[in-house]
Amino acid sequence: MSDELYMKRCLELAEMGNGQVSPNPLVGCVIVSGGKIIGEGYHQKYGQAHAEVNAIRSVTDQYGEQAAELLKNAVAYVSLEPCAHFGKTPPCADLLIRHQLKKVVIGNRDPFPDVDGKGIEKLKNAGIEVVSGVLEEACFEVNRRFFTRIAQQRPYIILKWARTANGYFAPKNSVQQWISGPLSKKLVHKWRTEEDAILVGKQTAIADNPALSAREWPGKNPIRIAIDRKLEIPADSKLYNQDAKTIIFNEQKTAVEGNIHFIEMEDMQYYLPQKIAYQLYLMDIQSIIIEGGANILNQFISSGLWDEARVFNSTTSWDTGIHSPQINGNIISVTQVDKDQLTIYKNYTNK
């Protein structure tokens with residue numbers, strides 16, 4: 001039972017790196033000696049120290065000369081297999097071996113080809129006891145974006161929209177009309193800080209003129225992506241401001257103009273979701289929220305290219321409008337957000 005409690009703490013720590021470490025995984029590490037936590041750490045930012053490094057540093061900072069002896073009798077809990085290769089930082093498996101920890105408890109094996117069991121093997125060869133698979137499903141859930149990118153060579157895809165009580169998604173005219181309430185909007189801005197990118201189609205960009213920023217929540221803005229085959233979005237659109245890097249998928253040109261990256265694609269009327277997903281994978285974009293319009297959402301749904309759908313159901317009804325996309329997935333949660341109801345679906349066929 002104590003193994004699971006310490007691993008839960010690893011996951012709490014891992015989540016603190018959300019939005020900062022992509023395309024790396026979220027990892028937390030807890031070091032226990034004599035039944036007491038003596039050190040904690042998590043991967044805080046891409047390119048910087050990994051969780052194990054930060055955890056061991058917290059032990060040495062706190063215990064000074066005693067640290068070396070404490071670590072020799074310690075158990076390290078880590079939510080993902082310690083790395084065994086030199087990347088932007090040295091191998092964490094080597095660090096644990098150097099400090100002579102007696103045991104390492106792991107949540108998930110790391111599927112990244114340069115690791116994938118090699119970290120476990122290194123530890124065992126050094127005489128360290130290794131236990132793996134503790135809270136495996138919970139650890140997988142925390143790193144679902146990373147695992148999707150490695151296994152499926154595409155980003156983790158989140159669909160998001162709001163619908164009226166009678167099933168409408170947007171008005172038939174091009175006038176912006178809010179469906180969900182202010183608290184739901186704030187939650188959406190929080191989500192934006194947690195994902196790498198956010199995508200809309202041309203119609204949504206023109207009708208709503210969205211900034212696609214996270215201005216109502218502290219954190220980074222996602223990369224903004226628009227689909228604009230003929231480059232019809234006006235140059236004074238908020239998408240073209242300096243708030244964030246912006247990618248425009250189109251059939252006209254490839255160019256970089258300041259923070260705007262134009263990427264030309266051929267035959268965008270065919271297999272568009274697949275082309276976008278693979279292009280984003282090549283760009284190391286690990287997760288994306290697709291916010292509309294209905295046509296783009298329906299293309300991803302019909303392609304089966306989605307992992308999660310977050311749907312706000314409003315109490316408001318409209319006389320007419322564009323019908324909301326229909327989704328078939330496993331409902332994993334239903335939450336009240338002020339007057340709106342948020343339903344989250346998972347597409348388990350992609351697991």
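User: Let's start with Gly293: in which loop does it lie?

Analyst: Gly293 lies in the loop between strand 13 and helix 11. Helices here are DSSP runs of H or I with at least four residues, strands are runs of E with at least two, and both are numbered from the N terminus. Keep in mind that this is a predicted model, where local features need pLDDT of at least 70, side-chain atom pairs count only at pLDDT 80 or more, and totals for chains, interfaces and linings use all residues. Residues are numbered from 1 along each chain as its sequence is written, and side-chain values use heavy atoms, with hydrogens and water left out.

User: What is omega for the peptide bond from Gly292 to Gly293?

Analyst: Omega is near 5° there, and the bond is cis. The peptide bond from Ser22 to Pro23 is also cis, with omega near 5°. Pro23 sits in the loop between helix 1 (2-15) and strand 1 (28-33).

User: Why is Lys160 called buried?

Analyst: Lys160 has a relative accessible area of 13%. Buried means under 20%, exposed over 50%, and partly exposed in between (1.4 Å probe, protein chains only). The value of 13% is therefore on the buried side. You can find Lys160 in strand 6 (residues 156-163).

User: Which residues does Lys160 touch?

Analyst: Leaving out residues up to four places away in sequence, its partners include Trp191, Ile289, Glu291, Arg310 and Phe312. A contact needs heavy atoms within 4.5 Å.

User: What makes Asp114 partly exposed?

Analyst: Asp114 has a relative accessible area of 40%, so it falls in the partly exposed class. Asp114 is in the loop between strand 4 (103-108) and helix 5 (118-125). Asp267 counts as partly exposed too, at 43%. There is something else to spot at Asp267: its phi is near 45°, a positive value in a residue other than glycine. Asp267 belongs to the loop between strand 12 (260-264) and helix 10.

User: How do you know that the buried residues of helix 10 line one face?

Analyst: In helix 10 (residues 272-282), the buried residues are Leu272, Pro273, Ile276, Ala277, Leu280 and Tyr281. Looking down the axis, they fall within an arc of 165°, so they line one face of the helix. That arc is taken from the directions from the helix axis to the C-beta atoms. An α-helix has 3.6 residues a turn, so residues three or four places apart point the same way.

User: What do the buried residues of helix 10 pack against?

Analyst: Their neighbours include helix 7 (144-152), strand 8 (197-201), strand 9 (223-227) and helix 11 (294-302). After helix 10 comes Asp284, with a positive phi near 65°.

User: How do you know that the radius of gyration agrees with a compact globule?

Analyst: For 351 residues, such a globule would have a radius near 20 Å, and the chain has 23 Å, which agrees. The radius is taken over C-alpha atoms, and the globule rule is 2.2 Å times the number of residues to the power 0.38.

User: How many helices and strands are in the chain, and what share of its residues is buried?

Analyst: The protein chain has 11 helices and 17 strands. Of its 351 residues, 52% count as buried. Among contacts with a separation of 6 or more, 69% join residues 24 or more positions apart.
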